[in-house]
Amino acid sequence: MTVLEFVFLLAAGIGAGLTGSIAGLASLVSYPALLATGIPPVTANVSNTVALVLNSVGSVSASRPELKGQGRRLLPLAVAAVFGGIAGAVLLLLTPSEAFERIVPVLIAGASAAILVQRPPRELATTGARHRPGASDPWWLPLGTFVVAIYGGYFGAAAGVLLLAMYLLSTGEGLPRGNAMKNVILGVANAVAAVGYILFTSVAWSAVLPLAIGCLIGGRMGPTVVRRAPQAGLRTLIAVAGLALAIHLGIQAYS
């Protein structure tokens, strides 16, 4: 790991932390940054998941006002995220490297397309609020969280977006509180998957260190941005960049 690569990954981590805590798309920044340093795809994905644990630490620690009073609803969702994260980690460890390289472009393209066509979160919260804030959440919410957590533990690109849209639509919460919910649950899924990766596979620790530091910094910044800034332009920029990345990786994987 050269000094230039360390600085590059630190900057990528800040961008990933900021992007992840706002839109749930940290992997669309951090994963290609790891690939750019020459780390193989599977090792890069594993190392990325480990580093993103610090993203959740930063974003959750900065979201305490939004998380106030949500402990009871978050408990069953966190349990679902634990089991989903375990399932996703096992799936990745059992997937051949060659197959993973072919799957990644599809996952990134799907994640980016979902962001590109997604209606603004505030609009989702308004039109989809069948449940008043503070009312009982739908019975299926832990099940939906479990399914998304499987994907989050396996790869994770746009898993946060899926969680955010689901929570806004089903709970009637506004963007700041819904985003705080997403950060907690995604953090649980990532942490569980990261433990499995650390125990059972190789992690590029020299790359994880600068990326994790950056993720912590960026994650701390994200909730403040969510409280104050519109999201439409940022989501569009990330989606377009993600689609371009998917095309690039797809050409490499299938050529």
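**Helical architecture, salt-bridge network, cavities and surface patch**

The protein contains 12 helices and 0 strands. The model described here is predicted. Read along the sequence, the elements follow the pattern α-α-α-α-α-α-α-α-α-α-α-α. Of the 255 residues of the protein, 52% count as buried. Among contacts between residues at least 6 apart in sequence, 83% join residues at least 24 apart. The protein exposes about 11100 Å², and carbon and sulfur atoms supply 71% of this area.

The structure holds 3 salt bridges. In one of them Asp 137 pairs with Arg 73, with the closest N and O atoms 2.9 Å apart. This pair links distant parts of the chain: Asp 137 lies in the loop between helix H7 (121–127) and helix H8 (141–154), Arg 73 lies in helix H5 (residues 71–94), and the two are 64 residues apart. Asp 137 counts as partly exposed because its relative accessibility is 24%, a value that falls between the limits of 20% for buried and 50% for exposed. Arg 73, at 14% relative accessibility, counts as buried.

Arg 73 also meets the side chain of Glu 173 in a salt bridge, at 2.9 Å from N to O. Here too, distant parts of the chain are linked, as Arg 73 belongs to helix H5 and Glu 173 to the loop between helix H9 (159–171) and H10, 100 residues apart. Glu 173 has a relative accessible area of 4% and is therefore buried. A further salt bridge joins Glu 173 to Arg 177, where the closest N and O atoms are 3.0 Å apart. With a relative accessibility of 26%, Arg 177 counts as partly exposed. Through shared partners, the salt bridges join Arg 73, Asp 137, Glu 173 and Arg 177 into one network.

The largest cavity holds about 150 Å³ of space. Its lining consists of 19 residues, of which Ala 26, Leu 52, Asn 55, Leu 186 and Asn 190 lie nearest the centre of the cavity. Two or more lining residues are given by each of H1, helix H3 (41–61) and helix H10 (175–200). H3 gives the most to this lining, with 6 residues.

On the surface, a nonpolar patch is formed by Met 1, Val 3, Phe 6, Val 7, Leu 209, Ile 213, Ile 217 and Met 221, which together have about 710 Å² of accessible area. Helix H1 (3–23) and helix H11 (205–228) each supply at least two residues of this patch. The largest share, 4 residues, comes from H11. One of the patch residues, Leu 209, has its place in helix H11. Leu 209 counts as partly exposed because its relative accessibility is 48%.

How values were computed
Residues numbered from 1 in each chain as written. Predicted model: local features only at pLDDT ≥ 70, side-chain atom pairs only at ≥ 80, totals over all residues. Heavy atoms only, no water. Patch = residues over 30% accessible without salt bridge, like charges linked within 9 Å, V, L, I, M, F, W, Y side chains within 5 Å. Areas by Shrake-Rupley, 256 points an atom, 1.4 Å probe, with all protein chains shown as cover. Salt bridge = Lys/Arg side-chain N within 4 Å of Asp/Glu carboxyl O. Buried < 20%, exposed > 50% of the residue type's maximum accessible area, 1.4 Å probe, protein only. Contact = heavy atoms within 4.5 Å. 1 Å grid on protein atoms, 1.4 Å probe; cavity = no way out; pocket = protein on both sides within 12 Å on 5 of 7 lines; lining within 4 Å. Points joined across faces, edges and corners; volume = space filled by probe spheres on them.
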